[in-house]
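Work through the exercises below with the sequence and the model side by side. Try each task before you read its solution.

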Amino acid sequence: MLIADPEGNVHSANAVSGKINWQINLDRELSSGVASGFGKLVVSDIDGFVIAIDSERQEILWEKNIGGEILSNAVISASNVLVKNSVGELVALDSLSGEKNWSFRSQLPALTVRGTGEPIIENNIVYSTFDNGRIGAFDLDTGYFLWDGPISFVEGTSELENLIDSDSSPVIAQQLIFATNYQGRLTAFDLAQKRPVWNAEASSFHSPVIGNNMLMVIQDDGSILSFSMTNLSPSWSSEEYLRRELSNGSMHDNLMLVGDLEGYIHVINTLTGITVGRRKVSGNPIVSIVSFRNLAYVIDQESNIVAVSF
């Protein structure tokens with residue numbers, strides 16, 4: 001288990017016991033978590049530097065400034081390290097040297113929500129959402145622009161009403177790619193047709209959650225929507241957690257885990273929407289949940305990490 005905190009500490013811990021294997025301090029304020037792959041670890045700082053670290057020797061391999069604060073994790077391939085910055089730019093850095101291979105800058109709205117979603121890679125194509133409420137597809141090696149489409153359209157009359165940032169990663173399932181945005185929609189794009197084929201009104205900062213043949217969206221107000229993956233028809237909805245400032249959702253044994261502002265983890269049946277378990281794991285708001293094997297790893301607002309079994 002790899003962990004980075006805002007104070008610049010990067011460390012490895014045993015995933016079961018939590019015992020620290022090694023720790024290094026980069027002496028800078030970090031703004032992202034740790035990405036790992038192809039023999040390296042990658043973190044980013046508030047000044048826009050991307051730092052690559054050798055995963056065996058824990059030595060810095062290279063660092064590169066990309067001209068804007070980076071608020072999401074990097075994504076690593078054999079040839080590129082992909083990062084997004086706060087000025088709407090998607091950048092591919094050479095995995096070995098850190099030199100810029102290609103970049104794409106989206107049209108940044110006058111007003112945005114603080115945050116960005118990390119890109120994903122599928123079949124040598126990079127998919128990324130942007131603050132203008134669109135999703136784009138790019139060739140991983142060259143950055144060649146393949147296609148883009150709107151998650152939702154601007155419909156308001158003021159800048160606040162026209163905030164349609166997409167601050168989460170898209171999710172791929174059944175030859176569809178799903179993306180959400182704030183004050184917008186949950187939209188499915190057909191990967192072959194390269195166009196939107198379905199949408200539902202939604203407002204979310206989190207990636208859709210897919211599991212147990214269900215698609216779920218945790219909205220910004222704490223309500224939850226669900227749809228059947230068989231035909232994308234609406235299923236259950238829940239307002240049980242309104243104004244609970246919910247974290248992202250994470251699948252665990254066909255159940256969905258979600259955290260709230262009081263440090264509780266809630267366990268939700270994905271077929272019915274009924275809460276089947278609940279546990280308080282922190283005195284601080286929960287900001288992130290990741291499930292791996294038989295444990296769920298919970299991070300709170302103070303960067304404390306708790307491993308939970310259900």
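**Exercise 1: Loop residues**

At 61% relative accessibility, Asp 253 counts as exposed (exposed is over 50% relative accessible area, buried under 20%, partly exposed in between, with a 1.4 Å probe and protein chains only). The model is a predicted one, in which local features need pLDDT of at least 70 and side-chain atom pairs count only at pLDDT 80 or more, while totals for chains, interfaces and linings use all residues. Residues are numbered from 1 along each chain as its sequence is written, and side-chain values use heavy atoms, with hydrogens and water left out.

Solution. Strands here are DSSP runs (E, at least two residues), numbered from the N terminus.

Task: Is Asn 213 buried, partly exposed or exposed?

Solution. Step 1: go to the loop between strand S20 (209-211) and strand S21 (214-218), where Asn 213 sits. Step 2: take its relative accessibility, 40%; Asn 213 is therefore partly exposed. Step 3: check phi of Asn 213, which is positive, near 65°.

Task: Which residues does Ser 72 contact, leaving aside neighbours within four places in sequence?

Solution. Step 1: locate Ser 72 in the loop between strand S7 (60-65) and S8. Step 2: note that Ser 72 is buried, with a relative accessible area of 5%. Step 3: list the contacts (heavy atoms within 4.5 Å): Ser 32, Thr 116, Gly 117 and Glu 118.

**Exercise 2: Strand S9**

Task: Why is S9 (residues 80-84) described as largely enclosed?

Solution. Step 1: count the buried residues. They are 5 of 5, so the rest of the structure largely encloses S9. Step 2: recall that side chains in a regular strand alternate between the two faces of the sheet. Step 3: sort the residues. Asn 80, Leu 82 and Lys 84 point one way, Val 81 and Val 83 the other.

Task: How do S8 and S10 pair with S9?

Solution. Step 1: take S8 (residues 75-76). S8 and S9 are antiparallel over 2 bridges (pairing needs at least two DSSP bridges). Val 75 has Leu 82 as its bridge partner. A hairpin of 3 residues joins S8 to S9. Step 2: take S10 (residues 89-94). It runs antiparallel to S9, with 5 bridges. Asn 80 is opposite Asp 94. Step 3: look at the hairpin of S9 and S10. It has 4 residues between the strands, and Gly 88 has a positive phi near 85°.

**Exercise 3: Rings and core**

Task: How are the rings of Trp 198 and Phe 227 arranged?

Solution. Step 1: apply the pair rule to Phe, Tyr and Trp (six-membered ring): centres within 6.5 Å, planes under 30 degrees stacked, over 60 edge-to-face, the rest tilted. The count is 10 aromatic pairs. Step 2: the centres of Trp 198 and Phe 227 are 5.2 Å apart and the planes are at 80°, so this pair is edge-to-face. Step 3: trace the chain. Trp 198 is in S19 (residues 195-202) and Phe 227 in S22 (residues 224-228), 29 residues apart. Both are buried.
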